[in-house]
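Please look through the sequence and the structure shown below before reading the notes that follow. They are arranged by topic.

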Amino acid sequence: MPGYVLGNFFIYSFINAFTPGPGNILALNTVTNYGYKKGRPLFVGIFAGYYVVQILCAVFVFGLSTFLPDVLGIMKYIGAAYISWLAVHIALSRPTTDTVEKCASFMKGFLLQFVNVKIYLFGITALTGYITDYSVSIWVLLLFEIVIATIGSIATLTWVLMGVLIQKAYQKYYRAINIILALTLLECVYSMLK
């Protein structure tokens, strides 16, 4: 594989991973609401879900590409509905709550990634756009999807750290920040469905 192709793969991956998406926005909202320690189960769920989804993307590209359009079509609408629900939940949330364990759970973060169409498209586009011209080996595809999931997890962790930095300001301006985050999520839904 030429170096410029590999370079373009990494540029695409970093830009895609660091842009606002459902996982990044939920992580930011969770850390500003509950803090890092209480939000940790959700973050771990987001990371674990990211790796599992990217492995699934490698398998899809390798052997199940004929079924992929139907799966993505269904996932797109399920994902849009779930992300819309998250947007409403974020817009109405307050900085403190008695149900931290329920709101910042591992399963919430993990399951988000299964309906997060952005990371499916991210993984599949990266493979088909940069890698499959040079190799369709399952091991090569898995390697690059693990790289994508690692970059995505680093990006989400960056959003978490941003949330830690703005937590005090968030306590004061939570309503405006939550509405901005919710509108950003709704823009993600809009871009998925257009």
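Is Leu142 buried or exposed? At 19% relative accessibility, Leu142 counts as buried, because buried means under 20% relative accessible area, exposed over 50%, and partly exposed in between, with a 1.4 Å probe and protein chains only. This is a predicted model, in which local features need pLDDT of at least 70 and side-chain atom pairs count only at pLDDT 80 or more, while totals for chains, interfaces and linings use all residues. Residues are numbered from 1 along each chain as its sequence is written, and side-chain values use heavy atoms, with hydrogens and water left out.

**Overall make-up**

- The protein has 8 helices and 0 strands, where helices (H or I, at least four residues) and strands (E, at least two) are DSSP runs, numbered from the N terminus.
- Read from the N terminus on, the elements run α-α-α-α-α-α-α-α, and buried residues make up 47% of the 194 residues in the protein.

**Helices α2 and α6**

- The axes of helix α2 (residues 22-63) and helix α6 (residues 117-131) come within 9 Å and cross at roughly 45°, the axes being lines fitted to C-alpha atoms, for helices over the stretch in contact, with angles that run from 0 to 180 degrees between N-to-C directions.
- That angle makes α2 oblique to α6, because angles under 35 degrees count as roughly parallel, over 145 as roughly antiparallel, 65 to 115 as roughly perpendicular and the rest as oblique.

**Residues of helix α7**

- Met162 lies in helix α7 (residues 138-165) and is partly exposed at 37% relative accessibility, while Met162 and Thr32 are 130 residues apart in sequence and 9.0 Å apart in space, C-alpha to C-alpha.

**A nonpolar surface patch**

- Met1, Tyr4, Leu6, Phe10, Phe14 and Tyr134 make a nonpolar surface patch of about 590 Å²; patches are made of residues with over 30% relative accessible area and no salt bridge, like charges being joined within 9 Å and nonpolar side chains (Val, Leu, Ile, Met, Phe, Trp, Tyr) within 5 Å.
- A salt bridge is a side-chain nitrogen of Lys or Arg within 4 Å of a carboxyl oxygen of Asp or Glu.
- Phe10, which lies in helix α1 (residues 3-18), is partly exposed, with a relative accessible area of 31%.

Definitions and conventions: Areas by Shrake-Rupley, 256 points an atom, 1.4 Å probe, with all protein chains shown as cover.
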